[in-house]
Amino acid sequence: MATNSDDLPGSANVIKAWEEFVEEQAYPVPHVKAKSDYRNYDNPARDTVREFYRENHRHQTYDFVRRKREEFLRLDRRQMSIFEALDYLNTLVDDSDPDIDLDQLQHLLQTAEAIRKDGHEDWFVLTGLIHDLGKVLCLYGEPQWAVVGDTFPVGCRFSSRIIYSEFFADNPDQSDPILCQQLGVYQQNCGLRQVLMSWGHDEYLYHVLKDHLPEPALYMIRYHSFYAWHREGEYDWLCDEHDRAMLPWVRKFNPYDLYSKSPDPPDWKELRPFYSELLKKYLPEKLAF
Ligand SMILES: [Fe+2]
Ligand SMILES: [Fe+2]
């Protein structure tokens, strides 16, 4: 397994910069003062995000996605329990970051706890806890632009409502006579299950978990970064009735992912027995990653 530990702080930096960008700049919570209004948001972080999207939009081609699926969806890298995957993912923490409170585990735990506080179903809480575990891709040495960031369909025209869509000008699919069409290689309303999404942690984790969780949970995991769909209302032409029925669940999940940062971080040690029971209810001891 190719894991270059020298790359990890960089990966964590980009992920963090991207997450803050999504939360504060791209999709700010309505009617709430953006954090950036009272916090000196440094430009280097924003440039990092811009560069991240430039790379992402240039390289996420139909061909690239097919190769990555071939490479990773055999799920033959390692067998891990969810707790092992959480520990593994948490090695992605950037030690040089002063805002260290929100490592990957804290983000997951806070998302889950916010869902739990609102009295949602237990599988929904569980989804909060595990939704980003696909980021272990970073630890296999994958570049950040192939792990995080907004996702979108490949094999057809890129929507202008995708963030930083101007960078798609550098994507070779844009000049392919079929792939540049609105439907591209797909049939109208074929259903998202027929559609290849740009490669990243969402699609990867969906395949790890697809036999184990209720359908709405799988949609939340698979499409939580598909902002052009769940936030912008694009790509309905690729959706079928089932996708439309699942969309409200994806939308219900999104605020917990973006806005659940708690000033009073939950204590993992205290909560671990609760989550251990919840995991046992839905998932086998080990999962293939
Ligand atoms: Fe995510
Ligand atoms: Fe997340």
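pLDDT is the predictor's confidence in each residue, on a scale from 0 to 100. What we have here is a predicted model, so local features need pLDDT of at least 70 and side-chain atom pairs count only at pLDDT 80 or more, while totals for chains, interfaces and linings use all residues. Residues are numbered from 1 along each chain as its sequence is written, and chains are lettered from A, with ligands numbered from 1, in the order in which they are written.

The protein chain averages a pLDDT of 87, and 83% of the residues score at least 70.

As for the fold, the protein chain has 12 helices and two strands, taken as DSSP runs numbered from the N terminus (H or I, at least four residues, for helices; E, at least two, for strands). Along the sequence they run α-α-α-α-β-α-α-α-α-α-α-α-α-β. Of the contacts between residues at least 6 apart in sequence, 78% join residues at least 24 apart. Buried residues account for 39% of the 289 residues; buried means 20 or more other C-beta atoms within 10 Å of a residue's own, exposed means 12 or fewer, and partly exposed is in between, with C-beta atoms placed from the backbone.

Helix α6 is mostly covered, with 11 of its 14 residues buried, among them H107, L108, L109 and I115. Those buried residues pack against α5 (82-90), α7, α11 and α12 (268-282). From first C-alpha to last, α6 reaches 20 Å, close to the 20 Å expected at 1.5 Å a residue; the expected span is 1.5 Å times one less than the number of residues. After α6 comes G119, with a positive phi near 75°.

Helix α11 (residues 241-259) has 19 residues, which should span 27 Å at 1.5 Å a residue; its end C-alpha atoms are 29 Å apart, which agrees. The helix does bend, by about 30° at L247, and a proline, P248, follows within four residues. The bend is the angle between axes fitted to the seven residues ending at a position and the seven starting there. Buried positions in α11 are D243, M246, V250, F253, Y256 and D257, and they pack against α6 (104-117), α7 (122-130), α9 (215-223) and α10 (227-230).

The largest nonpolar core has 67 residues, and A85, L129, V136, L205, F226 and A228 touch the most other members. Such a core is a set of buried Ala, Val, Leu, Ile, Met, Phe, Trp, Tyr and Cys residues joined through C-beta atoms within 7 Å. Leaving out residues up to four places away in sequence, L205 touches L133, G134 and I221.

The loop between α7 and α8 (201-209) holds M197, which is buried because 22 other C-beta atoms lie within 10 Å. Beyond four places in sequence, M197 touches T151, F152, P153, E203 and F226. Y164 is partly exposed, with 16 other C-beta atoms within 10 Å. N189, found in the loop between α7 and α8, has a positive phi of about 55° although it is not a glycine; N189 is partly exposed, with 15 other C-beta atoms within 10 Å.

How values were computed. Two residues are in contact if their C-beta atoms, placed from the backbone, lie within 7 Å.
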